[in-house]
Every structure is written in structure tokens, then in C-alpha cells.
Amino acid sequence: MMSDSEFDCVVIGAGVQGSFTAYQLAKRKKKTLLLEQFVLPHSRGSSHGQTRIIRKAYEEDFYVRMMEESYKLWTQMEKEAGVKLYRQTGLLVMGPENNENYQIRKKTLLKNNVPMEQLTPENFGQHFPNVSLAKGHAAFVELTAGVLYADRTLKAVQGQFQKLGGVIRDNEKVTNIKPGSLVTVSTSNGVYRTKRLVIAAGPWTNKLLVDTGIQLPLEVVRINVCYWREKVQGSYDVKQSFPCFLQTEGEESSDHIYGLPANEYPGMVKICLHAGSNTDPDQRDQQTDRSDIETLQRFVSRRFPGLFSEPAVVESCLYTVTPDDHFVLDHHPAYRNIVIGAGFSGHGFKFGPVVGQILCDLSLGEVPSFDLSPFRIRRFQAKNKSLL
Ligand SMILES: Cc1cc2nc3c(=O)[nH]c(=O)nc-3n(C[C@H](O)[C@H](O)[C@H](O)COP(=O)(O)OP(=O)(O)OC[C@H]3O[C@@H](n4cnc5c(N)ncnc54)[C@H](O)[C@@H]3O)c2cc1C
Ligand SMILES: O=C(O)[C@@H]1CCCCN1
């Protein structure tokens, strides 16, 4: 019999990735503890807010394949929890006609038979009368893309985890990790021993990894999440089937600009720049750089004439970015019973169910059904020998 402080598995971090991982472990009948430093729900990490984009429009085939599995698992979670987590809206992708990034994305979708509709500059206006396509730009719509309801997802997954017997302790910060065949995890409230540990601590990953002797090349970036008011309410509304969108590159910025239809705040569209300034996650609100907002204002006034070009609401969210923007899904290089899921680089939410499965497989010593070479820690070691 295990005591109350002993577990088959402890997961650190109740964001989307830690929650789905804990749920998978409990589903496989492992006695699992999910630890979260803040009172749940909270808005200090990367998984809060009401919406995220789900799409297959990627440049790499491996993400498209992972998304095929992920869509199935999203549907399964919706059924199990009895809540709606996904709404199909389509994703409008716009970019310079001859831009490599735009073209590869289009080719990858075509090659993988993802349902899409190519638009021409001539018929673009009929489809999207409230969007102005930049000169020399092309566009397509990925039809099965849409919106995921983020806050609702966390609540549903954590609820299902608890139904399976999983234990959540929030407001309990992990203060020390002592590796070993039984890992000792100390928190602000107690000490636990576990056969396996999963670290899914988002922007705080490196703060926790210090205790285990490694640091990963992760940058924590603060994103200004901007909401723009419609001049005529309803013109960009999710109920009017306005899609999510992605502008791969444009005259306003070489970084992507993306948006989601009006949904969480009536009459306001979420439009953000896929870039921000570095920050310490514990000092997020001291980082007040708003230069991205000027870029967005230019974009909104040129491309979205039906919106006022001053953000009505600005919120914060954190990215944890790797040098190649690919995730880290791997064993700790020195301790096989510690697994790390990190570096989701601002695009990990849609993969939550599949990441949960992969981290659970790794933790249990099973072979995941995906090639994990793009996500291995050793890809950084070749470039930076001082990591270990
Ligand atoms: C503005 C914005 C827009 C985005 N848009 C999209 C999108 O459209 N589509 C998409 O797929 N993805 C998107 N993403 C990315 C996606 O949201 C993230 O990749 C994902 O939420 C990362 O989840 P996580 O679980 O790794 O991190 P987090 O949600 O940050 O979870 C980590 C958790 O660990 C906890 N923790 C850390 N340290 C400790 C400790 N010592 N003790 C206990 N607990 C600890 C933290 O408090 C936190 O709750 C977006 C992200 C942002 C910020
Ligand atoms: O993951 C996504 O789909 C979006 C795309 C643009 C940047 C933010 N994340």
C-alpha cells in the first residue's frame, strides 16, 4: 500500500499540457498527483483565456500528423466531459504570394489532403468583405480549423482527471526536486515521493530544472493579447462564421499576425503579434513593452477597416520559446524517470491531448506512436555543449 505522500506519478504544472498528461496517467490507472503553484484557475502562465486556434496549417508534416490524432482526442474529450471544446470556423491564411513560408504551408496542406479552399484576389472580397488583402498577397482557407475553448478545456480535463481518482493540489508550489529511483518533490506544503515525475511547468521550466542539473535554451516572452472593437457589431463575429486568421508576413511586420473572431468580449476581435519581449515569468507585469501594438495598429487600420485601430482591451500571456520553435518532449538526459514537456513556443494548445499521451507514454517507458526526434533535448546539445 502506498502512503498518502507516495505516488506512481507526480505532474508539475496544471496548464493544458500537465493537465492532459495527468489525465492520461490516471486513465492508465496510475496513482497521480497534479501540483499547481497558483490557485486554479489562474491567468499567470500560458493556458488561460477563453480561446485558441486549432489548425493543421503547418509547414512540417509531423505537426499535421500529430494534429490528425489530436482532433480525434479533442472529440473524445468533448464526449467524455459532455462539453463543447471546439468550434469550426475555418482559418484564413494570408501571405505574400511568393513567400516561402506561405507556399510551404499551402503545399503541406495539399499534400496531406487537408480540406482547403484557395481564394483569388478577385473573389477574396466576396468571401471576406471586411478584410482587405494586401497587394501581391494570396490567401486560402483551411476549412476544418477553428477555435478551442481554452478555460473550458482546463476545467473539463482537470475534472475528468479527478473523476478517475487523480489528486490536484493547487496553491502548492514545488520548491525542490531530488532525483532518484524514487524522486522526492518538496512543495510549499509538504514532501512527496514518486516513481516518475513529469515537469510541465511552462515558463517556469528552467527554474525547476536547476535542481536537476540542466538548463534548456528557453526564452520566456510576454505577449500583449489585444482585442479590437468592431465599428458595426457582428461584422467579425464567430456566429457570422468569421474565421480565425493568420497573416504569415506582410508590410507591417515580418512576424506572423493572427486573430480569432469576436467571441469572448462581445464586439471585439482578438488580434496579436506572434512576438513580444523577454520577461521573467514572476515579473511579467513589470514588462511593459508595447511596440508590438504600434505594428498591430498599422495592420488593423490597413487590413481590417471595420475595426477601430486602438485596442480596447490588452491582456498578457506568456510564450516559452525554443530556438527552432519546436517543443521539448523527452526524458531528462540524466534521469529517465523524469520527463519534460516544455517550449511550446506559442503554438502548443491544440496539441494538448496528444502531448498528454506522449508525455504519459514516455513516463511509463512505453514507445510513443510519433517520431519524437524533432522534440529531443539532444538537438540543442549539438549546438550548445554547455547545457549539461
Ligand atoms: C497569447 C497566446 C496565444 C496563443 N495562441 C495559441 C493558439 O492559437 N493555438 C495554440 O495551439 N496555442 C496557442 N498558444 C500556446 C499555448 O497556449 C501554449 O503552448 C500552452 O498553453 C502551454 O501550456 P503549458 O501547460 O506548457 O504551460 P502553462 O499553461 O504555463 O502551465 C504551466 C503550469 O505550471 C505551473 N508551475 C510552474 N512552476 C511551478 C512550480 N514550481 N510548482 C507548481 N506549479 C508550477 C504554472 O503555474 C502553470 O500553471 C498561445 C499562447 C499565448 C500566450
Ligand atoms: O498556434 C496557433 O495556431 C497560433 C498561431 C499564431 C501564433 C500563435 N499561435
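## Basis of the description

The model is predicted, so local features need pLDDT of at least 70 and side-chain atom pairs count only at pLDDT 80 or more, whereas totals for chains, interfaces and linings use all residues. Residues are numbered from 1 along each chain as its sequence is written, chains are lettered from A and ligands numbered from 1 in the order in which they are written, and side-chain values use heavy atoms, with hydrogens and water left out.

## The shell around ligand 1

Ligand 1 is surrounded by 37 residues, a residue being counted if one of its heavy atoms lies within 4 Å of the ligand; the closest are E36, H42, S47, I53 and C317. By class, 20 of the shell residues are nonpolar, twelve are polar and five are charged, where Ala, Val, Leu, Ile, Met, Phe, Trp, Tyr, Cys and Pro count as nonpolar, Asp, Glu, Lys and Arg as charged, and the others, Gly among them, as polar.

A nitrogen atom of ligand 1 lies 2.9 Å from a backbone N or O atom of V174, while oxygen atoms of the ligand are found 3.1 Å from a polar backbone atom of G348 and 2.8 Å from a side-chain N or O atom of K350. Of the 1,000 Å² that ligand 1 exposes when taken alone, the protein buries 96%, with accessible areas coming from the Shrake-Rupley method with a 1.4 Å probe.

## The shell around ligand 2

The residues around ligand 2 are I53, R55, L246, Y258, H274, Y319, G346, H347 and K350, and by class they comprise four nonpolar, three polar and two charged residues.

An oxygen atom of ligand 2 is 2.6 Å from a side-chain N or O atom of R55, and an oxygen atom of this ligand also lies 2.5 Å from a polar side-chain atom of K350. On the backbone, a polar atom of G346 is 2.8 Å from a nitrogen atom of ligand 2. The protein covers 91% of the 260 Å² of accessible area that ligand 2 has on its own.

## Position relative to the domains

Ligand 1 lies between domain 1 (6–47 + 151–216 + 323–387) and domain 2 (91–143 + 219–321), because both give residues to its shell; the domain bounds come from an automatic or database domain assignment. Ligand 2 likewise lies between domain 1 and domain 2, because both contribute residues to the shell around it.

Key: Polar contact = N/O pair within 3.5 Å; in protein donor to acceptor, adjacent residues only side chain to side chain.
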